[in-house]
Amino acid sequence: GRLRRRGPPPLPEVAVAANARRAAQQQEGRGRAGVTLKALCAAASDPQQPQGSVCEELPAARRRLKNHRLSISMPALAPISQQRTGEQTLYEQACRKQGVLPKFTRAVHNGHVGKELNLSGQSVGDVQFKALLGDTGLVPKGKVHQWKLRNIRITSVGLACLTRALPWETELLDLACNEVGLHGINALSAKMADGYLPRLRSLDLSGCGIGCAGVASLCQGIELCTFLLRLELKRNTIKDGMALGNMIASHTHITRLALNSNFLTGQGVASLFRGVLENSKEGGQLADIDLAWNGFGNSNALGAAVAISKVLAESATLYHLDLSYNGLDAASCATIGEGLKDNHYLYGLHFVGNSATMDCDGFLRPLHTSCGNVVLPRKELPSLVLSGDPLNSTANCLANCEPTPSYGSCCGSGTSCSTPLTSQSVVSQAPEATLSEDGVLRERDVLEQMSTCWACEGWTRVVLEWPLLPDEEEPRSVWAFTSLDGFRQGLQLKRAAEGPPRFCAARMVPGGCKLCVIFQVDQSFRLAPGMVSEPLETPANIRLRQCKKMPGSQSQSSLVELAEVNVIDCPFRRPLRPEDGIFHGRRSVLLDGPSGNPVQMLRITETEFKMTQEKRPRSPPFYADFHKETDTLMQACLEADWSKAKVDRVVDRQECQHVLAVLQGSYRQVVAVYRWLSSLGVSGERPFGVSQIEAVNVISKAGLRDTSVMRIADLDRFFIAAKVNAAEVKRRLTIRSDKALNRHQFLEFLLRVAQQRFVQTGEALSMADALSRVLEALSETSSALVADLDALLEVLHTDAVDDVYKAHRRTLQAVYKAHTGHMKQPGMGNFMSFGEFEDLLEQIDAYSEDFTRQQAGLAFRLGMMTQAEEGYSSRFQEMTFVEFQHALGAVVSLRPGFRHEIASELINSFFTDHLLRALRPRIAQDRLRELDGESCAGQSWRQPAENFRPGGLRPLS
């Protein structure tokens, strides 16, 4: 820290102090931290500077220079938006406190682009990472949704800090190659289990040192991340797949699961694939599974193979499967091949490193002691066959592999084996052959081996054609032999009815390869005219195929040696074109069409054909236990209400049957009007009922009130009279309201109105006629209400909406469970009261300008099933789970912008954006403050009833 000068003698201390003071004043605009060593030296070396009187300023200047030395040397590393004016950032302060150099400012600045923060490979460490997260100006946690933190050398301490900082909107989390261990996984799992990461789409924890306990903890948290699509757990120490299988069974959104290079046992793989099978049955989307390099062939391999075979036989969603290098024996491979026989949904399969190969059509061929032209001594069999080198390469698979009598032609091709397969197969007596040193090295190089995976290697569809020449007789049969299988299996061509006369067929070929083809036309091998041909380096021996269309063919096919073949340069897989339709990327065959032309069809087996004859039933829908309003139910409602109302004071005994006959045909409309009126103005735990104001209003709007016969005072009197219950009924009533009418009381109110308005005035000769006129006056209102309810149920009871409810079932159950049971009496089951439903709508911010708090009661009543008894039982206002789901559907239908055509999309959007807030109200409130700055609860609490006119539910049709 000392300032030294060479040359002339130094100035007196007084001059140096004055010069330093003047230099500091000149730098004041840039802050005290901008006083540099160069400025101090320049001021001290100026001999023309006047001497001051404050000698103590030089030591102070030296101390200031020492304290700001670090900040003076670092300004170029800070982002332009964070250049300091004399103060250190929070990151630098935290680093200084920990005694480390803040050297990752520029890395964060360059890695933060939009919503993504990429620090992969930066070797940050726990201390630096914690300091970075503490600086919200450098790492704005609320704006980062994609965290790419691969190999930044953090441990459980750093991951614990990250979990506390992860925002609610996090979509991607890449923590691969960080030794976070069990404690870090527990912290992350707790974050997910608490519902703080509902939008997480991709999670990569490869190479994080996760064991069985860690993956069990992780799966508990993933269960609430209902929208997780990709889970990468490669290069860990996972042995048991039980927890993963249970999680996969219920997680319907996940599409990829990677467990490459773990230590899964056969039992663990079996547990995992049982969950995969359940996922497929529940409508899940799991399409890609990577289990390479686990070695589960050494422990209970057959059990794992059985579970994998069941998935291949039944799953229609699994698209890509990697089982490479697991050491499966021939018996296990044969079991998997059995499941693959009737599968055409699996587009990519990797099977190198097991004792089986794959033919050019994607079927498994279990290996034994011999493989084509290469024969190995028995002592060398286990090490080579189980490792997959060199027997499982594409060169042997497609060219040299010859089926042996021990397992028939092809285990996966649909033909049965002539001899049972075992791992102790008999050695085939084929001539021995050896591989060159270069050939062995090439075959043992994993990177050069092709896996016959149509998806990964870009296989493409190639059409093979034999043109018909006008000067030749049309052949009876045409076959094509290709170099894909060493010219061993013939492909029969079909006569094309459209286009130029020709025979044609198609097959899948690796993209970019040179395909050699030779055609058998009737009983001779020929080259196709107009097609490029070239000689073979080694002549091929091909056996003639026999055909039933040729009765004069030889009894035994002969072997022909060929030295020249046609050549087709197969293009790489091209992009998808509209004309490809459903055939792009799927296995297909050419069949004879009705007009004789070849028709391309998806490959289907006999088993699949039988399945198509009887449509596979869907799982029970969410509304299976919901009971609609039927005539029987309405009859029960009428009988229950008629028995409790004081009918004998209004209707003569002789007319009771006629009045009941009128009500039987229209009682559903009466119930609909009562349901609507009872939901207006209700709040909290007050029981549902029709208030005096609503009862007078509905009669007035129906045109039944006038100033002479039916005045407001008369309606008030009828309301009060109907509210009085008979003594016997009063003792048994469960639901009592001092200010509202129950359903049976509302029925009595209508009877009193009919009696005075039409019977006493002489307009109606009987009570039945008078009641018919009252119901006719209310028909416009009641018909609109009934139509609204039917339209709502018609929308909700569809397959598209059912799929949405099933996808969110776990979230719906969690929300329902969290908001039930607070108002139940001892000994009663859990149910959701209206007060709890009202609080839930407020928490999830369901209210808007059009859907206000006053309409919450209507949504509640629309979701409830109509109960025959509403006086002696409180069941009609105790919401079950299925009724809760219907009530949420009613909420969506009452919100603005609802349309019948997009009902499923609107319900799914509402569940995604609003429902998760109910699990953590604090998260929802914080989110609302960030977006709106204030709470967005319903704006209107009390509105006049005229705003809810008949048909005000916006008919869905």
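Start by selecting Phe-749, which, once its neighbours within four places in sequence are set aside, is in contact (heavy atoms within 4.5 Å) with Ala-695, Ile-699, Leu-715, Phe-718, Phe-719, Ala-722 and Leu-741. The model on screen is predicted, so local features need pLDDT of at least 70 and side-chain atom pairs count only at pLDDT 80 or more, while totals for chains, interfaces and linings use all residues. Residues are numbered from 1 along each chain as its sequence is written, and side-chain values use heavy atoms, with hydrogens and water left out.

Phe-749 is, with Leu-751, Phe-837 and Phe-884, among the residues with the most contacts inside the largest nonpolar core, which has 107 residues. Such a core is a set of buried Ala, Val, Leu, Ile, Met, Phe, Trp, Tyr and Cys residues joined through side-chain atoms within 4.5 Å, where buried means under 20% relative accessible area with a 1.4 Å probe, counting protein chains only. Helix 20 supplies the largest share of this core, 13 residues. A second, separate core of 82 residues can be found by selecting Cys-95, Leu-188, Leu-244 and Leu-272, which are among its members.

The 14 residues of helix 19 reach 20 Å from the first C-alpha to the last, close to the 20 Å expected at 1.5 Å a residue, the expected span being 1.5 Å times one less than the number of residues. Its buried residues, including Leu-633, Met-634, Asp-641 and Trp-642, pack against helix 20 (656-678), helix 23 (727-732) and helix 24 (743-759). Cys-637 counts as buried because its relative accessibility is 0%, and Cys-656 also counts as buried, at 17%. A search of the whole structure for disulfides, defined as pairs of cysteine sulfur atoms within 2.5 Å, finds zero.

Then move to the sheet, where ten strands lie in the order 1-2-3-4-5-6-7-8-9-10, forming an open sheet with mixed pairing; two strands pair if DSSP finds at least two bridges between them. At its edges, strand 1 (112-113) and strand 10 (348-350) each pair on one side only. Inspect strand 3 (residues 146-148) beside strand 4 (residues 172-174), which pair in the parallel sense over three bridges, with Lys-148 standing opposite Asp-174 in strand 4.

Finally, show the whole chain, which contains 33 helices and 26 strands, and in which buried residues make up 51% of the 957 residues.

Methods: Helix = DSSP H or I, 4+ residues; strand = E, 2+ residues; numbered from the N terminus. Buried < 20%, exposed > 50% of the residue type's maximum accessible area, 1.4 Å probe, protein only.
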